[in-house]
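Subject: Structure for you to look at

Hello,

Please find the structure below. My notes on it follow.

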Number of protein chains: 2
Amino acid sequence: MNVFIVHAHPEPQSFNGALTRHAQKVLTAQGHQVVVSDLHAMGWDPVSDRRNFVTRKDPIFFKQQQEELHAGESGGFVPEIQAELEKLLRCDVLIFQFPLWWFSVPAILKGWVDRVFAMGTIYGSGRWFGTGVLRGKRAMLSLTTGSGETRFSEDGLFGSLEQLLLPIHHGIFRFTGLDVLPPFVAWSVAHVGEEARARYLEAYGQRLVSLDTTEPLRFPSFSEFEPRTLTRKGA
Amino acid sequence: MNVFIVHAHPEPQSFNGALTRHAQKVLTAQGHQVVVSDLHAMGWDPVSDRRNFVTRKDPIFFKQQQEELHAGESGGFVPEIQAELEKLLRCDVLIFQFPLWWFSVPAILKGWVDRVFAMGTIYGSGRWFGTGVLRGKRAMLSLTTGSGETRFSEDGLFGSLEQLLLPIHHGIFRFTGLDVLPPFVAWSVAHVGEEARARYLEAYGQRLVSLDTTEPLRFPSFSEFEPRTLTRKGA
């Protein structure tokens with residue numbers, strides 16, 4: 001398999017860094033190919049605007065999706081986006097490695113999605129969800145948190161992590177056709193000590209060697225919706 | 001009132017631009033003070049790392065929250081963050097104006113939160129939710145979407161907008177003590193035509209003149225949780 005890790009942490013010696021280095025080791029030992037985009041190390045720019053393109057469909061009024069369609073037809077993405085598109089289209093498994101910041105991905109990673117997941121290339125013209133461009137590939141979030149698991153339970157102060165991750169799992173991964181694996185979460189890593197962190201690395205290794213056999217999360221399929229309104233049948 | 005609009009759209013002539021200009025006009029006419037941070041126009045950098053600080057608590061290992069605490073004690077934020085902190089602490093109402101990208105805020109706006117909402121200054125030491133630094137202030141999302149309202153209903157293909165916005169409403173606004181007003185949503189603005197857009201501007205104006213009397217959304221209060229575990233009482 002070709003595994004593509006998009007890594008978003010400003011400190012290389014962080015536990016996020018340790019998780020990605022461990023993933024490279026474990027997956028390579030299994031004979032898989034691993035590609036890492038280390039966004040901070042690359043100096044990735046997360047701002048999405050005209051800087052995404054070498055072409056201009058409309059030089060007066062900037063409409064992002066129109067420029068994306070045009071760039072997809074005419075090879076108009078800047079090299080740093082084109083490179084990420086190629087890594088994404090080539091991979092079998094996509095992993096986002098990040099610390100949970102404000103109950104979501106850090107801006108540098110959100111801006112990787114904003115810029116790389118371009119209309120016309122990664123979605124559009126009826127290619128989404130079950131008919132998505134990325135169907136057949138798998139995706140997984142691997143994240144660290146500042147707080148413990150009980151705060152992220154259904155009855156916890158923050159509410160369930162599953163709900164908090166829904167915009168990413170459903171709105172980014174499923175939207176483009178990816179099968180979503182259960183997230184790997186290293187809870188409260190700053191507070192748990194060396195031994196617990198070693199156990200997290202071990203547990204992450206176990207998840208990685210079963211990337212191709214893990215059951216994806218269940219999301220509703222197109223057949224459950226009325227084709228015209230895209231609302232649930234019988235609702 | 002002092003109303004602070006954080007505006008995130010790359011095209012000044014977009015409908016997002018029209019909404020923010022309308023807000024400035026309506027609120028100023030009512031005698032309110034309006035401050036706008038137009039993130040694209042400012043060239044706002046959304047990447048959060050050592051660039052946030054002129055001070056260094058630990059020059060070897062970068063731990064964001066530790067550096068934020070230190071910077072808060074020693075005037076160590078770079079000028080562009082210090083300026084946003086002052087606007088935020090001075091305002092009575094905070095508005096985020098943005099197009100919904102990938103079921104969340106654009107990266108440039110997420111990175112405004114990542115960098116400005118600093119531990120020790122905006123939260124920390126028991127100051128969060130009902131005891132938050134920003135308590136007494138109000139916040140509202142004003143957003144545009146690419147699709148119509150039914151797709152964002154409970155039974156729609158995308159699921160309810162309320163759920164999708166939860167990480168922002170609860171995880172950013174309530175977390176820091178802000179009262180959360182119902183979002184203003186201009187649905188499917190690219191497709192609805194001039195007349196409907198004029199009605200959206202009119203409706204937004206109505207929302208703006210009642211910012212101080214609108215009932216905030218209901219979120220659980222601390223008294224509903226066990227103080228020790230922060231899980232719901234009786235759960």
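**What was found**

Helices (H or I, at least four residues) and strands (E, at least two) are DSSP runs, numbered from the N terminus.

This is a predicted model, in which local features need pLDDT of at least 70 and side-chain atom pairs count only at pLDDT 80 or more, while totals for chains, interfaces and linings use all residues. Residues are numbered from 1 along each chain as its sequence is written, chains are lettered from A and ligands numbered from 1 in the order in which they are written, and side-chain values use heavy atoms, with hydrogens and water left out.

Chain A can be laid on chain B by a turn of 180° and a shift of 0.0 Å along the axis, with an RMSD of 0.0 Å (least squares on the C-alpha atoms of residues with pLDDT of at least 70 in both). The two copies are thus related as by a two-fold rotation axis. In chain A, the C-alpha of Ala107(A) is nearest the axis, 2.4 Å from it.

In chain B, seven of the eight residues of helix H7 (residues 166-173) are buried (under 20% relative accessible area, 1.4 Å probe, protein chains only). Among them are Ile168(B), His169(B) and Phe173(B). The buried residues of H7(B) pack against several elements, including helix H6 (161-173) of chain A and strand S3 (93-99) of chain B (contact means heavy atoms within 4.5 Å).

Regards

Terms used
Buried means under 20% relative accessible area, exposed over 50%, partly exposed in between (1.4 Å probe, protein chains only).
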